[in-house]
Amino acid sequence: MPERVVPNRSEEAPQIREAVSVSTRKIFDGCRDKDCVDDLRVYPTVTSQTYIENALSIRPRSAELLHVNVNVEPISFNRGYYTVDCTYFYRVTAETFPAGETALGLAIFDKRVMLFGSEGNSMTFSSDAPEPSGESDELPIAVVNAVDPIALHMKLVDAGAVPPGELEPGDIPSYITDAFPEELVLNGQGRRWYMIPAYDYSLPDKECPGSSEDDPCELFGRIRFPVEEFFPPDSVADATEYRNMV
């Protein structure tokens with residue numbers, strides 16, 4: 001019969017084989033994806049805007065990933081599943097033709113995926129918060145791994161010929177704007193600069209199911225009918241049982 005290893009205080013039994021309780025984060029789900037995005041707008045700096053106004057074309061030099069904002073929200077009628085909204089901020093460098101001026105700008109790309117995150121009913125206690133926090137209703141933690149994009153192609157478009165339905169950017173964090181030497185041109189005046197990036201997300205083999213916010217019906221179509229809301233299960237023991245219900 002194998003020897004039972006139990007937790008012990010090191011001063012009483014200083015052995016390497018001591019069992020130690022460790023509290024760690026569980027990984028419930030993951031996915032990977034590679035996107036080739038057409039007509040991703042680049043918001044140039046003030047000086048760069050003057051360059052592209054007088055250019056015939058623009059050539060890619062490089063693109064650098066500055067930061068990714070990640071937001072997690074639960075999905076109604078689909079227990080244990082969450083939408084993960086990722087906003088990617090890129091610093092893009094290009095060269096105008098024929099003047100050969102260096103143009104610098106910001107590109108923003110949004111992506112939504114749907115992943116399993118489980119749920120629990122345990123009580124949470126912490127030395128930082130001596131009072132019990134109640135039932136575990138905290139959102140799961142989403143982590144994004146990404147690499148710098150590859151700028152395959154760039155183009156300049158007159159203000160009157162922009163793609164239909166294009167939205168102006170929302171609030172841009174100060175730590176993103178601080179990565180540029182001067183103010184960015186965020187309004188719709190003047191010529192516009194677009195690029196096509198391609199990049200990898202992370203290593204898991206699972207495809208990323210989901211949809212953009214512009215197409216909520218497609219995302220809704222991926223959600224199964226909420227049978228348990230009409231005929232709730234007696235119990236759900238763990239994440240494995242959640243998966244069997246999908």
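Tutor: Let us begin with helix 1 (residues 46-53), whose buried residues are Ser 48, Gln 49 and Ile 52; buried means under 20% relative accessible area, exposed over 50% and partly exposed in between, with a 1.4 Å probe and protein chains only. These residues cover an arc of only 105° around the axis, which puts them on the same side of helix 1, the arc being that of the directions from the helix axis to the C-beta atoms.

Student: Before I go on, what kind of model is this, and what are the ground rules for the numbers?

Tutor: It is a predicted model, in which local features need pLDDT of at least 70 and side-chain atom pairs count only at pLDDT 80 or more, while totals for chains, interfaces and linings use all residues. Residues are numbered from 1 along each chain as its sequence is written, and side-chain values use heavy atoms, with hydrogens and water left out. Helices (H or I, at least four residues) and strands (E, at least two) are DSSP runs, numbered from the N terminus.

Student: OK, back to the helix: what covers the buried residues of helix 1?

Tutor: The cover includes strand 2, strand 3, strand 4, strand 5, strand 6 and strand 7.

Student: And how many helices and strands does the protein chain have?

Tutor: There are five helices and eight strands in the protein chain, and along the sequence they follow the pattern β-β-α-β-β-β-β-α-β-β-α-α-α. Of its 246 residues, 35% count as buried.

Student: What order do the strands take in the open sheet?

Tutor: The open sheet has six strands in the order 3-4-5-2-7-6, with antiparallel pairing, where two strands pair if DSSP finds at least two bridges between them. Strand 3 and strand 6 are the edge strands, each pairing on one side only. From one strand to the next, the twist averages 30°.

Student: How many bridges join strand 4 to strand 5?

Tutor: Strand 4 and strand 5 run antiparallel and are joined by 15 bridges; within that pairing, Asp 85 has Arg 112 of strand 5 as its bridge partner, and Thr 93 stands opposite Leu 104 of strand 5. Strand 5 also pairs with strand 2, in the antiparallel sense, over three bridges, and there Val 42 has Ala 107 of strand 5 as its bridge partner.

Student: So is strand 5 largely enclosed or open?

Tutor: Strand 5 is largely enclosed by the rest of the structure, because 13 of its 15 residues are buried.

Student: Switching to packing, which residues have the most contacts inside the largest nonpolar core?

Tutor: That core has 29 residues, and those with the most contacts inside it are Ile 58, Val 92, Met 154, Trp 193 and Met 195. A nonpolar core is a set of buried Ala, Val, Leu, Ile, Met, Phe, Trp, Tyr and Cys residues joined through side-chain atoms within 4.5 Å. The elements that give two or more residues to this core are strand 2 (40-44), strand 3 (57-74), strand 4 (81-97), strand 5 (102-116), strand 6 (153-157) and strand 7 (192-196), and strand 4 gives the most, with seven residues. Apart from this core lies another, of eight residues, among them Phe 89, Leu 104, Ile 172 and Leu 184.

Student: What does Met 195 touch?

Tutor: Not counting residues up to four places away in sequence, Met 195 touches residues including Val 37, Asp 39, Val 42, Ala 63, Val 92, Ala 107 and Met 154, where contact means heavy atoms within 4.5 Å.

Student: Where is the cis peptide bond?

Tutor: The cis bond joins Phe 97 and Pro 98, with omega about 10°, and Pro 98 lies in the loop between strand 4 and strand 5. In the hairpin of these strands, which has four residues between them, Gly 100 takes a positive phi near 75°.

Methods
Axes fitted to C-alpha atoms, helices over the stretch in contact; angles between N-to-C directions.
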